[in-house]
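Please look through the backbone notes below with the model open beside them. They cover a few peptide bonds and torsion angles.

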Amino acid sequence: MRKRLEVGALLLLIAAPAVAQRGPQLDVAPLAAHSPPSGASVRATRILGDRDMRELLQNGFPAALRFRLELWRVGGLFDDIESATQWEMLVRYDPYAKQYLVVRRQGAGGGALEDFGGFATLEDAESVMQRPFPVALAPRRGGSRYYYNVVLDVETLSVSDLDELQRWLSGELQPAVRGKRAPLSALRRGFGTLLSRVLGGEKRHYEARSGTFRV
Amino acid sequence: MRTALLAFVATLSTVTMGAQEPTLDRGGLPRDIAREATRMFNETAALRATTRTEIDSGRVVEGDVAVINGPLLISGRVTGRVLAINSEVVLRPSARIDGDLLVVGGEVEGRHVAYIGGEIRIYRQTLDYVQEGDRIYPERTVANNDDSGWWRRWERTHRRSGSKLQIASAGAYNRVEGLPINLGPQVYYNAPWGTARVGAYAVLRTESSFSGTDEDIGHNVNTELRFGRRGGLLVGGRVYNVIEPTESWQLSELEAGLAAFVFRRDYRDYYSRHGGQGRLGFFVRRGADISLAYGEERWDSLTAQNPWTLTRQGAGWRPNPAFDQGKLHLLNATLRIDTRNDYDNPWSGWYVLADVEHGNGDMAAYAARSTPVATPSPGQFQYARGFMDLRRYNRVSPDAQLNFRVVLGGWLNGNALPLQRRFAVDGPGALPGYDFRSPGTSATLTCHDGVAVVAGTPGQCDRMALATVEYRGDLHFDLFTDWDDDHYMRSHSNGVWVFFADAGRGWLVGTPTAGDSLTYTSGDMPALSSFKSDLGLGLDFDIVGVYVAKALNAPKVPANFFLRIRHRF
């Protein structure tokens, strides 16, 4: 009985905030304009919008959204990964300019860089990710069925823990010391952030899959 | 529309002011990019234009192309670089750019279908410039922003070389240390020849008394050099005074820590290791390495403390078993192969961890064993022990997978294994249908007969074998996201149902006596009919899974409900 109560309580804790708000979405679809598809279109929605991630960003933790697009070939017994490609989006809040800076990088050395500049709100910054992003990943084998699978890992980053501590001291604690913000609130936010890092709670993982198609 | 606006503004004046998207407050263009773009425009000779430009299919431009206030449409070939300032760029499938593509104040359409031999850089921020004749110069306002790429700085410091003060958990929350925290500098260097990493941490423990004794504050100083990029030689070493768990192959650190912190249930046992180790090996690409390590260390026994927990604060902790104490020389040969497509949620690939350990030394005190295992006499000893964790992940359909795991471990030769190196296969990390360290637990899972059981009931099998198979299928039900858009497919939802079956047992190596079902000679293996097995079902919601498992060999034992974080394996 005690075990069941523990299970129930934990499920409620996990499920309640998730069903109370619109959650993040990751979508993938074959590029419709090409037959067979030359790649897939990937879209991420409301990935950074939750309160914890917003607080981490505002506390000076840059966020990295690492995408991996896989092309799966349907096999007789088991499906196989035929090819894969990766890219990442980096988001950082600049407290001086009060802007969210967004960069997309694809491939190493000779790859692609896209600097979107600064956005006044996180919603505006997220609008970049909400736009379908076409990625080249074409099937190689004719007569087979394929589908795309996209994986997204969201992780807050650090230049150094000392830098982050300094950001927190100047960004959160100084206003509190000067009486512009409740000290307990500043302490709570700062220690909450540090606790989140210690427990590794700032990492998120999402997956999505397209429908199958024949080449 | 935006292109038209840019063109209109450009026509009005020779001084073009940067346009902004109506709803977005874009930051200024980095100063070095503004300089690079204007310099490149002024130097470009092959094709330079200040209006809509199209390179038709079949046309070849020998050299660089620079366009300002385009758009630029390419169907043909450019053998050099392409620069577009305050211009949209449209690439047709037949487009070919042999050099780099730099776009400032615009977007690129079709880059996933065209061929671009060099680097692609796209800056959405418009370039504010002054035009004098056929040359352009950056506006002075551009110079206000000299942040040429915060991400580059981050990359330099985070990924390439640098140092930082590390503050991170050093292991799972547990009843011996509370929360262990690594505190100290970490230095890493990424060079053309390979990588180097050094970490020097004090290990702080929330259950510390800070009295300066060895148990209170540990240390972990480690270094690793990897010569080569895709493969090569690795050399490492470490000096340590740490508290380590036994049987960490069962539950992940996060699961063990959360079970202890939330439910006051610690599924691991702990002992201290104090010494040093050197390591030499080879690595191949990112997912495989083989190494030989030699270490000299001292093992000590530890007692459970009383760290704070979220629930059941009035309940006592399971005692931490007494472990063997002595000085050892350890030689480990370890192979690790990891071809999984994803660490957190693997759908394909192999994971293999194989380790052979040879230990010898002087054991000052052996901890008491539960019957029927005899407690050895202190003195010189040597042993060899093997361990292998083999996993295969298979996708059987777009929304289902069939995964296998086999774990084998045990005594290979020499004297009896130290208690730290023995096994048990009960509980949620191995055979979840059977209670963890319960008095009613089958003797074949922990290798004690229940006559005289030492505190903490340590696993004391000489050998063990465990096999697991699980089928995972999408529920087409998502607890955490909305389903309000049919345009894209998201049929791989968070919700997964899991069916699994486990079979395993442990046994002792020795000379069996009459009626002894626990002991087998070193060349024998127990009959498969003597293995304990269970069946289970679960719902895995990516972050947490809720499972129920029923022991097949114990009809009267009720089913066990349990939680796992992420996958069972």
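1. Pro372(B) sits in the loop that runs between strand 25 (349-365) and strand 26 (379-397) of chain B. Helices (H or I, at least four residues) and strands (E, at least two) are DSSP runs, numbered from the N terminus.

2. This is a predicted model: local features need pLDDT of at least 70, side-chain atom pairs count only at pLDDT 80 or more, and totals for chains, interfaces and linings use all residues. Residues are numbered from 1 along each chain as its sequence is written, while chains are lettered from A and ligands numbered from 1 in the order in which they are written.

3. Another cis peptide bond joins Gly70(B) to Pro71(B), with omega of about 20 degrees. Pro71(B) belongs to the loop between strand 5 (65-68) and strand 6 (72-74) of chain B.

4. In chain A, Arg46(A) is not a glycine, yet its phi is positive, at about 55 degrees. Arg46(A) lies in the loop between strand 2 (39-45) and helix 2 (51-58).

5. Is Arg46(A) buried or partly exposed? Arg46(A) is partly exposed, because 18 other C-beta atoms lie within 10 Å. The cut-offs are 20 or more other C-beta atoms within 10 Å for buried, 12 or fewer for exposed, and in between for partly exposed, with C-beta atoms placed from the backbone.

6. Cys447(B), also not a glycine, has a positive phi of about 65 degrees. Cys447(B) is in the loop between helix 5 (443-446) and strand 28 (463-474) of chain B. Cys447(B) has 27 other C-beta atoms within 10 Å, so Cys447(B) is buried.
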